[in-house]
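Student: I have a protein model to go through for class. Could you walk me through it with some questions and answers?

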Amino acid sequence: MKNRTLIYYVVVLLGVSLFSCKEEGEYHSISDKIEGESKPYHGPLSSEELLAGTALIKITEGEFTFLIPERKGQIKSFACIECHSKPVSQMMGADAKKAHWDIKLNHANSDAMNCATCHNGADMNNLNTLTGKNIDFNLSYKLCAQCHSSQFEDWKGGAHGKKVAGWAPPRASNTCVNCHNPHRPSFEKRWPVQFNTQTAIERKEGLDH
């Protein structure tokens, strides 16, 4: 009797083990199943397809190498010296063409900052550091980093700012001017969006009918 009972249990266990395995790939544990079902998603993820057609340049800052948007190609009237052929003081006369004299600088205290803080009057095709060195418009973030050093450290490490595409490599990050207007960098305050009860009721009624 004991032998029959033992044989019965052995047969039952074999049957359970045989029919509990997946036909296309035998899973003997939850870990095996997770690994097996996840295989289609394994492999190198990439943002290359999302970045296709985007003008980017490669930069290296410290230990980080990544891509940023090319800037000069997006400036409608570059090169600047096509218009800035004279000193700014002469170009602001009554007969001068009106281009961007209407720009209001709201970045820092006027005693500490004016247009010439960032723009080189002798070479308008380049930006100007606090020590008088030229900076290419494509690398304008270097200008911002002079004062906003903590944000710069976070940005180059990937903790500040937005990605051009996804988080998968190759890494492509927007620069300061892709999110902030350099003349008015602060984001304007906005009231929170209010929930419209009447609109919600009308939408529900529309779905019900």
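Student: How many aromatic pairs does the structure hold?

Tutor: A quick note before we start: this is a predicted model, where local features need pLDDT of at least 70, side-chain atom pairs count only at pLDDT 80 or more, and totals for chains, interfaces and linings use all residues. Residues are numbered from 1 along each chain as its sequence is written, and side-chain values use heavy atoms, with hydrogens and water left out. Rings of Phe, Tyr and Trp (its six-membered ring) pair if their centres lie within 6.5 Å; planes under 30 degrees apart count as stacked, over 60 as edge-to-face and the rest as tilted. By that rule, the number of aromatic pairs in the structure is 5.

Student: Are the rings of Tyr141 and Phe152 stacked or edge-to-face, and why?

Tutor: Look at the distance and the angle. The ring centres of Tyr141 and Phe152 are 6.2 Å apart. Their planes meet at 15°, so this pair is stacked.

Student: How many residues apart in sequence are the parts that this pair ties together?

Tutor: Helices (H or I, at least four residues) and strands (E, at least two) are DSSP runs, numbered from the N terminus. Tyr141 belongs to helix H6 (residues 141–145), while Phe152 belongs to helix H7 (residues 149–157). The pair therefore ties together parts whose separation in sequence is 11 residues.

Student: And what kind of aromatic pair do Tyr141 and Trp155 form?

Tutor: This one also links distant parts of the chain, with Tyr141 in helix H6 and Trp155 in helix H7, 14 residues apart. The rings are 4.9 Å centre to centre, with 40° between the planes, and that makes the pair tilted.

Student: Which residues do ring pairs link into a cluster?

Tutor: You've already met some of them. Tyr141 counts as buried because its relative accessibility is 2%, and Trp155 counts as buried at 4%. Here buried means under 20% relative accessible area, exposed over 50%, and partly exposed in between (1.4 Å probe, protein chains only). The ring pairs join up a cluster of Phe66, Tyr141, Phe152 and Trp155.

Student: Which residue lies over the face of Phe66?

Tutor: A charge sits over a ring if NZ of Lys or CZ of Arg is within 6 Å of the ring centre and within 35 degrees of the ring normal. Lys163 does this with Trp167, its charged end being 4.4 Å from the ring centre. Over Phe66, at 3.8 Å from the ring centre, you'll find Arg171.

Student: Which residues make up the largest nonpolar core?

Tutor: A nonpolar core is a set of buried Ala, Val, Leu, Ile, Met, Phe, Trp, Tyr and Cys residues joined through side-chain atoms within 4.5 Å. In soluble globular proteins, nonpolar side chains tend to be buried together. The largest core here has 8 members: Cys80, Met113, Cys118, Met124, Leu127, Ile135, Phe137 and Leu143.

Student: Which residues does His84 contact, leaving aside its neighbours within four places in sequence?

Tutor: His84 sits in the loop between S2 and H4. With a relative accessible area of 16%, His84 is buried. Contact means heavy atoms within 4.5 Å. With those sequence neighbours set aside, the partners of His84 are Met91, His100 and Met124.

Student: Is Thr131 buried or exposed, and why?

Tutor: You can find Thr131 in the loop between strand S3 (127–128) and strand S4 (134–135). Its C-alpha is 9.7 Å from that of Thr117, 14 residues away in sequence. Since its relative accessibility is 64%, Thr131 counts as exposed.
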